[in-house]
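Here is a short note to read alongside the model. Please keep the structure open and look up each residue as it comes up.

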Amino acid sequence: MKKRISKIIGFLSENMAVVYFLIVLCFALIFFPNFANANNIRALIRQAPVPIVRGLAVSFILILGNVDLSLGYIVGFISVTQGMMLDAGMNPAVVILIGLAIGALFGLFNGSLVCLLKVPSFIVTLGSGYIFYGLALIISNGMQYNHLNADYRAFGVTKLFGYQLMIFYAIALVFIVWWVYHKTIFGRTLISTGLNRRAASMSGLKTKTALVASFTIAGVLSALASILLTIRSNAAQTSLGGLGDFTFEGVTACVLGGTSLNGGKVKVFGIFLAALTIMIIENLITIMKVNRYFYQPVLGVIILMAVLIDSIKSKRSHG
């Protein structure tokens with residue numbers, strides 16, 4: 001019995017995202033009867049895909065100890081260009097593929113600059129983010145596109161077993177990303193490089209390729225988040241990704257889920273649970289009819305607590 005309890009405690013200490021999720025969920029169920037309302041649960045499920053995909057995108061940046069401040073601007077650029085292409089009568093499937101390709105190109109651009117210039121990634125992506133945002137404003141003239149093509153929206157809102165397809169995309173991505181990190185040479189290269197780049201390079205791993213690829217994948221996943229968000233809101237605009245908030249909220253989900261800011265450690269299922277935890281907190285703020293702006297300081301407190309706990313655990317493991 002003692003061994004079983006010890007194993008459970010050990011599992012929970014290594015997977016704090018489970019603890020956070022259960023605490024917040026129990027709090028919501030006990031103190032807010034309206035939370036378990038069927039309509040509220042369905043609304044949460046509809047909103048879940050974007051936070052999940054966002055967290056997965058940011059994880060490919062954090063795994064190497066980098067920061068990408070341009071992801072929210074990539075989301076805005078792709079959203080508005082999706083609206084422009086649909087407005088021009090382009091095939092919805094082609095529009096989606098072009099959006100993903102743009103995300104890959106922007107990510108490749110960021111990764112290549114970080115690799116070539118050898119300067120901190122947050123400096124490079126701060127500049128590139130404003131470039132992407134400026135280009136989006138120029139080509140769209142600040143316009144917003146509403147009432148998007150029905151076939152385009154069907155990519156995400158078509159229902160399967162009573163739920164929109166986009167939630168199935170997000171869940172499938174969780175398993176795919178887990179497999180990439182833990183079952184492929186590329187994933188092991190990312191983790192090894194994040195732990196010790198010099199040692200990984202000396203052992204023959206392609207650390208530069210991993211760096212560029214991590215930014216590229218983050219760009220593709222951000223593009224997918226943009227497409228899903230555009231479909232969900234039925235509007236295409238440059239500010240749809242929340243600009244800088246996209247990265248911040250993605251980092252929050254990653255750190256709360258057990259991913260290290262220093263690189264080399266990622267917990268994919270932790271990110272999934274953390275994204276749901278943050279969504280529940282946001283939902284409770286709405287239910288309590290508290291000022292919407294309280295959401296940001298709450299997120300700030302969450303990430304500080306998660307970083308503090310991660311720091312304490314790291315010191316104990318090295319002590």
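1. The model is predicted. Everything below should be read as a description of that prediction.

2. Start with helix H2 (residues 16-31) and helix H14 (residues 268-287), whose axes are 9 Å apart and meet at an angle of about 25°. Angles under 35 degrees count as roughly parallel, and H2 and H14 are therefore roughly parallel to each other. The crossing of H2 past H14 is left-handed.

3. Which residues make this contact? On the H2 side they are Ala 17, Val 18, Tyr 20, Phe 21, Val 24, Leu 25, Phe 27 and Ala 28. On the H14 side they are Gly 270, Leu 273, Leu 276, Thr 277, Ile 280, Ile 281 and Leu 284. By type, the contact of H2 with H14 has 13 nonpolar residues, 2 polar ones and no charged ones.

4. A second pair to compare is H9 (residues 165-183) and H12 (residues 207-233). Their axes lie 11 Å apart, at an angle of about 160°. Angles over 145 degrees count as roughly antiparallel, so H9 and H12 are roughly antiparallel to each other. H9 also passes H12 in a left-handed crossing.

5. In this second contact, H9 supplies Met 166, Tyr 169 and Leu 173, while H12 supplies Leu 221, Leu 224, Leu 228, Ile 231 and Arg 232. The contact of H9 with H12 divides into 7 nonpolar residues, no polar ones and 1 charged one.

6. The largest nonpolar core holds 90 residues. Ile 52, Val 53, Leu 56, Phe 60, Tyr 152 and Tyr 181 are the ones that touch the most other members. Which helix gives the most to this core? Helix H12 does, with 13 residues. As background, nonpolar side chains in soluble globular proteins tend to be buried together.

7. Tyr 181 deserves a separate look. Leaving out residues up to four places away in sequence, Tyr 181 touches Ser 59, Phe 60, Ile 63, Gly 187, Arg 188, Leu 190, Ile 191, Val 266 and Val 268.

8. Not counting residues up to four places away in sequence, Ile 167 touches Ile 45, Ala 48 and Pro 49. Gly 156 is 11 residues from Ile 167 in sequence, and their C-alpha atoms are 8.4 Å apart.

9. Thr 207 belongs to helix H12. With a relative accessible area of 11%, Thr 207 is buried. Its contacts, leaving aside neighbours within four places in sequence, are Thr 193, Arg 197, Ala 200 and Ser 201.

10. His 147 has phi near 55°, a positive value in a residue other than glycine. His 147 sits in the loop between strand S1 (145-146) and helix H8 (150-157). Its relative accessibility is 71%, so His 147 counts as exposed.

11. For Asn 234, phi is near 55°, again a positive value in a residue other than glycine. The loop that holds Asn 234 runs between H12 and strand S4 (235-236). Asn 234 counts as partly exposed, because its relative accessibility is 22%.

Conventions
Residues numbered from 1 in each chain as written. Predicted model: local features only at pLDDT ≥ 70, side-chain atom pairs only at ≥ 80, totals over all residues. Heavy atoms only, no water. Axes fitted to C-alpha atoms, helices over the stretch in contact; angles between N-to-C directions. Helix = DSSP H or I, 4+ residues; strand = E, 2+ residues; numbered from the N terminus. Parallel < 35°, antiparallel > 145°, perpendicular 65-115°, else oblique. Left-handed = near helix turned anticlockwise from the far one by under 90°. Contact = heavy atoms within 4.5 Å. Nonpolar A, V, L, I, M, F, W, Y, C, P; charged D, E, K, R; others polar. Core = buried A, V, L, I, M, F, W, Y, C linked by side-chain atoms within 4.5 Å. Buried < 20%, exposed > 50% of the residue type's maximum accessible area, 1.4 Å probe, protein only.
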